[in-house]
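I opened the notebook to record what I looked up, one topic at a time. The sequence and the model come first.

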Amino acid sequence: LKEAADAGQRDAQRMFGLAHSSRDDKIHLHYITLAASQGDAEACAMLGHHFMVRKSFILAKYYTEKYIESAEKVNPVYAFNYALALFYLGAEQYGEDIDIHSQNLYSGHAKL
């Protein structure tokens, strides 16, 4: 499997990366990133999730968006990750406004 992954076969890269997910994070990310760079939708989803958990929202958005663009059928969990990444990126940029609007919604003062 490693030989196929090192030869550039994206499915092998994803599988080899997955095989090392609990053993070696560096190897895991290296091979998953290689597969994602070749357009492997599942590898993109895995990286999107990885970066979402680590609160690297720009990378989470990037990889999850690549997954959504290339997947035959989108897993709702990854679509949710994409929405969360967009929300957090917006919150970083417009945080004060979001807090004000959410307080208004919950207090009944928002005009809909």
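**Entry 1: salt bridges**

I started with charged side chains and found Asp11, Arg14 and Asp40 linked in a network of salt bridges. A salt bridge here is a side-chain nitrogen of Lys or Arg within 4 Å of a carboxyl oxygen of Asp or Glu. I noted that this is a predicted model, where local features need pLDDT of at least 70 and side-chain atom pairs count only at pLDDT 80 or more, while totals for chains, interfaces and linings use all residues. Residues are numbered from 1 along each chain as its sequence is written, and side-chain values use heavy atoms, leaving out hydrogens and water.

How many salt bridges does a search of the whole structure find? It finds five.

I looked up Asp6 next. Its side chain meets that of Lys2 in a salt bridge, at 2.6 Å from N to O. Both residues lie in helix α1 (residues 2-6), four residues apart, about one turn of the helix. I took the helices from DSSP: they are runs of H or I of at least four residues, numbered from the N terminus. Asp6 is partly exposed, with a relative accessible area of 48%. Lys2 is partly exposed too, at 42%. The cut-offs are these: buried is under 20% relative accessible area, exposed is over 50%, and partly exposed is in between, with a 1.4 Å probe and protein chains only.

**Entry 2: helix α5**

Glu65 and Lys61 meet through their side chains, 3.3 Å from N to O. They are four residues apart in α5, so about one helical turn separates them. Glu65 counts as partly exposed at 25% relative accessibility, and Lys61 is partly exposed at 23%.

Glu69 forms a salt bridge with Lys66, and their closest N and O atoms are 3.9 Å apart. These two are three residues apart in α5, again about one helical turn. Glu69 counts as exposed at 56%, whereas Lys66 counts as partly exposed at 34%. I wrote down the general rule: an α-helix has 3.6 residues a turn, so residues three or four places apart point the same way.

Then I checked the length. The 14 residues of α5 should span 20 Å at 1.5 Å a residue, and the end C-alpha atoms are 20 Å apart, which agrees. The expected span is 1.5 Å times one less than the number of residues.

Which residues of α5 are buried? I listed Phe57, Ala60, Tyr63, Thr64 and Tyr67. They cover an arc of only 140 degrees around the axis, so they sit on the same side of α5. The arc is taken from the directions from the helix axis to the C-beta atoms. The face turned away from this buried side carries the exposed residues Ile58 and Glu69.

α4 has 13 residues and reaches 19 Å from its first C-alpha to its last, close to the 18 Å expected at 1.5 Å a residue. It is mostly covered, with ten of its 13 residues buried. Among them are Ala41, Cys44, Leu47, His50 and Phe51.

I checked both ends. Asp40 caps the N-terminal end of α4, where a side-chain oxygen lies 3.1 Å from the backbone nitrogen of Glu42. After α4 comes Lys55, whose phi is positive, near 60 degrees.

Which residues touch the most other members of the largest nonpolar core? Of its 19 residues, they are Ala36, Leu47 and Tyr67. Such a core is a set of buried Ala, Val, Leu, Ile, Met, Phe, Trp, Tyr and Cys residues joined through side-chain atoms within 4.5 Å. The elements giving two or more residues are α3 (25-37), α4 (41-53), α5 (57-70) and α6 (76-107). α4 gives the most, with eight.

Leu47 touches Leu29, Ile32, Thr33, Ala36 and Tyr63, not counting residues up to four places away in sequence. Contact means heavy atoms within 4.5 Å.

Is His28 buried or exposed? I found it buried, at 12% relative accessibility. His28 is in helix α3.

His20 is in the loop between α2 (10-19) and α3. His20 counts as buried at 13%. It touches Asp25, Ile27 and His28, not counting residues up to four places away in sequence.

Note on methods:
A polar contact is a pair of N or O atoms within 3.5 Å; within protein, one must be able to donate a hydrogen and the other to accept it, and residues adjacent in sequence count only if both atoms are side-chain atoms.
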